[in-house]
Amino acid sequence: MNHEASFTQMPITRFLIEEQRRINPAPEASRAGSFIALINDVRLACKRIATLIGKGALANALGEAGTSNVQGEAQKRLDVLAHDIFVRTNEWGGQLAGMVSEEQEAPYAIPEQYPRGRYLLLFDPLDGSSNIDVNVSVGSIFSVLRCPEGVSEPSVGDFLQPGCAQVCAGYAIYGPATMIVLSTGHGVHGFTLDREIGEFSLTHPNLRIPQSTSEFAINASNSRYWEPAIRRYVQECLAGQSGPRGKDFNMRWIASLVAEAHRILMRGGVFMYPRDRRDPSRPGRLRLLYEANPIGYLIEQAGGRASTGLTPILEVPPSALHQRVSFVFGAREEVERIERYHRDHNEFELDVPLFGARGLFTTPNV
Ligand code: MN
Ligand code: MN
């Protein structure tokens, strides 16, 4: 059987419709149709963003917007444009009751002239935007939740659902090829944009993450702030063949969550953006609702593990729309090891010296 030919004939919409039929052969027609229409609009938003990004400097869309978002981060022009594209493409269809964007403090209310639907859409319209000016992969991340029954004007509390409540999660990656990778709770599937026909086709069915790995990703410039568990884990990786792990590791760091997640879904690995000791009130850097939850959902659906370092990310009860969280994900055995190290090291060991007898730069197997 020619797999290549059969995959290129499976457009994303047909895949999702057939998947829904398999899961539930007698669905309530309006709900199934509404969900497919929602994902169609998300896919259109991603195509629009891909087109804009593909033009690069020609579209006059690069550089700073001169504004800052709710987190006080400087916005790129593309952050603002991608947010507008997501909102405009998804507000009118009647599938949504509300949206939350990284770029907007309050939930986005569906304009009055449009009907309300039963889903909530949460998104990071442009992830890794610091990469855009250097022409490195960026992405969009999205998460779909059910709007609570009877609610047509969702308030902040209606969006504060744990990651395990997601109906669908995914991302688009705008790399050398544009892809959408998503899950509706039945495995993770990747679709590649065929620019000639303007459609995403199934190219990566049933992605699985190998249980172990010898590749890790962390921003090592923060190492002086790391807690003991992360120090120990990285120290043991760096010690390589002669260390306690008995093998050499490679390190990667792209500084774009989507690109890191994509690499791990394609060939395995482990990613860490841990809590550190800089500011105890900030438990991490990545945002729970529209970064860690959707990526965590994909990772778990692909057989990997997603964690805060202490607890599964999908079980974290959200307390704020733009809440940050520590995030460790990837190969199941590696994430479980990191969780074990977190349990093994208590608060008293926070003062482990960087160069001391038990510090980061000693030989670990002596
Ligand atoms: Mn982001
Ligand atoms: Mn962003």
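This is a predicted model: local features need pLDDT of at least 70, side-chain atom pairs count only at pLDDT 80 or more; totals for chains, interfaces and linings use all residues.
Does A32 count as buried or exposed at 18% relative accessibility?

Residues are numbered from 1 along each chain as its sequence is written, chains are lettered from A and ligands numbered from 1 in the order in which they are written, and side-chain values use heavy atoms, with hydrogens and water left out.

**View 1. Residue A32 in helix α3 (residues 29-55).** A32 counts as buried because its relative accessibility is 18% (buried: under 20% relative accessible area; exposed: over 50%; partly exposed: in between; 1.4 Å probe, protein chains only). Helices (H or I, at least four residues) and strands (E, at least two) are DSSP runs, numbered from the N terminus.

**View 2. The manganese ion (ligand 1) and its donors.** D124 (OD), D127 (OD) and E291 (OE) coordinate this ion at 2.0 to 2.2 Å (donors: N, O and S atoms within 2.8 Å of the metal, or 3.2 Å for Na, K and Ca; water is not among the atoms, so sites may look incomplete). D124 lies in strand β5 (residues 119-127) and E291 in helix α8 (residues 288-301), so the pair ties together parts 167 residues apart in sequence. Both D124 and E291 are buried.

**View 3. Helix α6 (residues 228-239).** Nine of its twelve residues are buried, so α6 is largely enclosed by the rest of the structure. Among the buried residues are P228, Y233 and C237. After α6 comes G240, with a positive phi near 65 degrees.

Technical notes. The expected span of a helix is 1.5 Å times one less than its number of residues.
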